[in-house]
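Subject: A structure for you to look at

Hi,

Here is the structure I said I would pass on. Have it open while you read, and my notes on it follow below.

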Amino acid sequence: MSLFSRLTLAWRLTLGFGLVLALMVGITLTGIQKVNFIDRSLQQVTDVNAVKQRYAINFRGSVHDRAIVMRDVALETDPARHPPLLSEITRLEKFYQESAVELARAIARDGDPEEQRRWQAIQAIEQRTQPLVKQALAHLEAGRHDDTRAVLMGDLRPAFTDWLAAINALIDYEEQKSQQVTPLARAVASQFQTLMLALCGVSLVIGALVALGITRQLLRSLGGEPAEAAAQVTQMASGDLRASIRARYPDSMLAAVSRMQPWLIASSFEMTGCEVRRKTSGAKFLDQKLASDAAAEGSMRASPRNHRR
């Protein structure tokens, strides 16, 4: 006899439904885990990498536009046209610094060593380029246009080129990080439907096997359908001992009742015979007693007549 068959019906149902509920919980947890992975991947791409990349693009725009404005300033010989250009340089510098504050905070928060190395390279080139920009603007304010062009065409132009290259390196690195995360998220998303259907199918099969096992154990215990078994036992309990007992399994309750049925019938006949014999004996005893009483009464009546004689 298996361990499962030794359990009570309540425990069988509890274990069966518990297993089904555990499978449902497993499917739910698996789905949550996959969805969370996709969410974290998308968050990494959109809220982290893309944000840093956006600040780096702001850097590139600011440096690129400042290089163009510096060229225009160097080529413009009319001092009356210099103020708007200088104001544009100041605006671009402020825009750069605002993005730098946010980018530095984001890089420090994530702690990526390669990211920090590229960020430090940008800062190093910035510290090397800014004095050259100030030097060129100082020559411009003093009216030394030839010196301004000399600084621009000498050290400042390659400095701007290196600055843009360092910024582009950071942009490319953020793009590379996003490209590493995106395929994984796409793979999980594409496999998610297949995984959920597979888990659901496995759960249905296991649930069906558990239900079938509980049903078979119940039928083996009763010998038939519960309603059928109850009807047959009730019929016998009402006194109909000749009711046909149909048991599907030899070790079931109905099989035991079926084996007990002939004994119950024989016992009923024996009890009925005993009752008939008891009633017959009682009737004979009563008849004998009545006859004896009648004889005695007759003797008593005859005795006075004999005395009178």
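How many helices and strands make up the secondary structure of the protein? There are seven helices and zero strands, where helices (H or I, at least four residues) and strands (E, at least two) are DSSP runs, numbered from the N terminus. Along the sequence, that reads as α-α-α-α-α-α-α.

A word on where this comes from. It is a predicted model, so local features need pLDDT of at least 70 and side-chain atom pairs count only at pLDDT 80 or more, while totals for chains, interfaces and linings use all residues. Residues are numbered from 1 along each chain as its sequence is written, and side-chain values use heavy atoms, with hydrogens and water left out.

**The whole protein**

The protein has 309 residues, and 30% of them count as buried. Buried means under 20% relative accessible area, exposed means over 50%, and partly exposed is in between (1.4 Å probe, protein chains only). The accessible surface comes to about 19800 Å², and carbon and sulfur atoms hold 61% of that. Those areas come from the Shrake-Rupley method with a 1.4 Å probe; for residues, only the protein chains shown count as cover. Now for contacts, meaning heavy atoms within 4.5 Å. Of the contacts with a separation of 6 or more, 74% are between residues 24 or more positions apart.

**The core**

Next, the inside. A nonpolar core is a set of buried Ala, Val, Leu, Ile, Met, Phe, Trp, Tyr and Cys residues joined through side-chain atoms within 4.5 Å. The largest one here has 33 residues, and those with the most contacts inside it are Phe59, Met70, Ile122, Leu156, Trp163 and Ile167. Two or more residues come from each of helix 2 (9-75), helix 3 (82-110), helix 4 (113-141) and helix 5 (145-222). Helix 5 gives the most, with eleven residues.

**Salt bridges**

A search of the whole structure turns up 13 salt bridges. The rule is a side-chain nitrogen of Lys or Arg within 4 Å of a carboxyl oxygen of Asp or Glu. Here are some to look at:

- Glu115 pairs with Lys52, with their closest N and O atoms 2.7 Å apart. Since Glu115 lies in helix 4 and Lys52 in helix 2, the pair ties together parts that are 63 residues apart in sequence.
- Asp162 pairs with Arg128, their closest N and O atoms being 3.5 Å apart. Asp162 is in helix 5 and Arg128 in helix 4, so this pair ties together parts that are 34 residues apart in sequence. Asp162 counts as partly exposed because its relative accessibility is 34%, and Arg128 is partly exposed too, at 43%.
- Arg91 meets Glu88 at 2.6 Å, N to O. The two are three residues apart in helix 3, which means about one helical turn separates them. Arg91 is partly exposed at 45% relative accessibility, and Glu88 is partly exposed at 26%.

**A few other spots**

Arg118 is in helix 4. Its side chain is joined to that of Glu114 by a polar contact of 2.8 Å. That term covers a pair of N or O atoms within 3.5 Å; within protein, one must be able to donate a hydrogen and the other to accept it, and residues adjacent in sequence count only if both atoms are side-chain atoms. Leaving aside neighbours within four places in sequence, Arg118 is also in contact with Ala169, Leu170 and Tyr173.

Ser221 sits in helix 5 and is partly exposed, at 34% relative accessibility. Beyond residues up to four places away in sequence, Ser221 touches Arg12, Ser252 and Met253. The C-alpha atoms of Ser221 and Pro250 are 9.7 Å apart, and these residues are 29 residues apart along the chain.

Have a look around, and write back with any questions.

Cheers
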